[in-house]
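Subject: A structure for you to explore

Hi there,

Here is the structure I promised you, with its sequence. Have a look around, and then read on for what turned up.

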Amino acid sequence: MSAATTRSRTPDRLCAEAVDLARAAAEEAAAPGVVGEHAGLVSEGDRVVTHYFECKELGYRGWRWAATVARASRAKTVTLDEVVLLPGPDAVLAPEWVPWSDRLRPGDMGPGDLLPTDAEDLRLEPGYTGEDDPRLQPGYFDSDEPTPNSPLSEEMAELVEAEDAEVTPAPPAALPAAPRRGTIAAVAEELGLRRARVLSRYGLHTAADRWEDGFGPKTPMAQAAPASCVSCGFLTRIGGSLGQAFGVCANEFSPADGRVVSLAYGCGGHSEAAVMPTPPRPAPPVIDETRVDPFPLRPAPDSGSVPDTTDEDTAELGHS
């Protein structure tokens, strides 16, 4: 250990004795009566000492007033450097700051709240617009080349060739029973349509009414939303006729996460909430009906509207 290190850890004698100077500086910076007893000192370096005083301020349990004093080399006068309020070893401190994006939990969003999504949000990706596909540009299909969805396209031709087919010894009309693969029931079962019963029109309407009441455009959340679900990237479409008016929300921070929502529903967790314009604020009212204007029961004596008389003068006329 060097001599300079040893000297810096040993408090300077004159600075250590300047307790009154440090206390006067702390009392000047603090409110009256909040600077307590001397709580020790620490050597900050050569001829630099910090004096600690107890803090009696309400709500600052364990905090200390720190007054740092110093003196120049070969000088006998101690001067003040700074006075600050610092937490002690047992001080009550606020918890470590956590960004709002890490504090947010599902269910925290309420009507009128906005949840901007980051441009690099891993839950979202750019939608397909077809701008970079030359086959979707005007005039491309004027040639003889088949369209991508045409049954004569190369992709469909290769699929037909690769499709496995059953080989029968005779035409289907001559067989004792039609092959099961060619029946309508087999095709319906393969497509997932072979069910004993399906929803009736009444069942569809009642389901739509329930979903509309829970997550529809008339709910308080939708009324305060910046946009509807039909333009949100977190909306997952559903099939069937109900898919024309409903979808499933896939935003974990939305109150409708995992629920069937109306396309006209909305919340602050819209995928484009970060770029949504701020809704305009209504103009202040011309007549403020929320404030009470005081009206004096009697006019001021110096207004000149009534003569300046006393109660004794008016008592004879029956007025008070």
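To begin, in which helix is Glu27 found? Glu27 belongs to helix α3 (residues 19-29); helices (H or I, at least four residues) and strands (E, at least two) are DSSP runs, numbered from the N terminus. Glu27 is partly exposed, with a relative accessible area of 42%. As for the words, buried means under 20% relative accessible area, exposed means over 50%, and partly exposed is in between (1.4 Å probe, protein chains only). The C-alpha atoms of Glu27 and Phe53 are separated by 10.0 Å, and these residues are 26 apart along the chain.

Two notes before we go on. This is a predicted model, where local features need pLDDT of at least 70 and side-chain atom pairs count only at pLDDT 80 or more, while totals for chains, interfaces and linings use all residues. Residues are numbered from 1 along each chain as its sequence is written, and side-chain values use heavy atoms, with hydrogens and water left out.

Let's follow the strands; two of them pair if DSSP finds at least two bridges between them. β1 (35-45) and β2 run antiparallel and are joined by six bridges. Within this pairing, Val35 has Cys55 in β2 as its bridge partner. The hairpin of β1 and β2 has two residues between the strands, and Arg47 takes a positive phi near 60° there. Arg47 is a residue other than glycine with a positive phi, and its relative accessibility of 28% makes it partly exposed.

Next, strand β2 (residues 48-55) is joined to β3 by seven bridges, again in an antiparallel arrangement. Here Tyr52 stands opposite Ala66 in β3. β3 in turn pairs with strand β4 (residues 79-87) over eight bridges in the antiparallel sense, and Trp63 stands opposite Pro87 in β4.

Why is strand β3 (residues 63-70) described as largely enclosed by the rest of the structure? Because seven of its eight residues are buried. The loop between β3 and β4 holds Arg74, which is exposed at 83% relative accessibility. Arg74 also has a positive phi, near 65°, in a residue other than glycine.

Rings and charges

How many aromatic pairs does a search of the whole structure find? It finds three. Rings of Phe, Tyr and Trp (its six-membered ring) pair if their centres lie within 6.5 Å; planes under 30 degrees apart count as stacked, over 60 as edge-to-face and the rest as tilted. One of the pairs is Tyr60 with Trp63, edge-to-face, at 5.4 Å centre to centre and with 85° between the planes. Tyr60 is partly exposed at 34% relative accessibility, whereas Trp63 is buried at 18%.

Phe215 and Tyr265 form another pair: their ring centres are 5.5 Å apart and their planes are at 90°, so it is edge-to-face. This pair links distant parts of the chain, 50 residues apart, with Phe215 in the loop between α7 (201-214) and α8 (220-223) and Tyr265 in the loop between β7 (260-262) and α9 (311-315). Both Phe215 and Tyr265 are buried.

Some rings have a charge over them, which requires NZ of Lys or CZ of Arg within 6 Å of the ring centre and within 35 degrees of the ring normal. Arg64 lies over the face of Tyr52, 4.0 Å from the ring centre. Likewise, the charged end of Arg103 sits over the ring of Trp97, 4.7 Å from its centre.

α7 has 14 residues and reaches 20 Å from its first C-alpha to its last, close to the 20 Å expected at 1.5 Å a residue (the expected span is 1.5 Å times one less than the number of residues). Which residues of α7 are buried? They are Gly203, Ala207 and Ala208. Seen down the axis of α7, the buried residues fall within an arc of 130°, so they line one face of the helix; the arc is that of the directions from the helix axis to the C-beta atoms. The face turned away from the buried side carries the exposed residues Arg201, Tyr202 and Asp213.

Thr219 lies in the loop between α7 and α8 and is buried at 11% relative accessibility. Leaving aside its neighbours within four places in sequence, Thr219 is in contact (heavy atoms within 4.5 Å) with Asp213, Gly214 and Tyr265.

Enjoy exploring!
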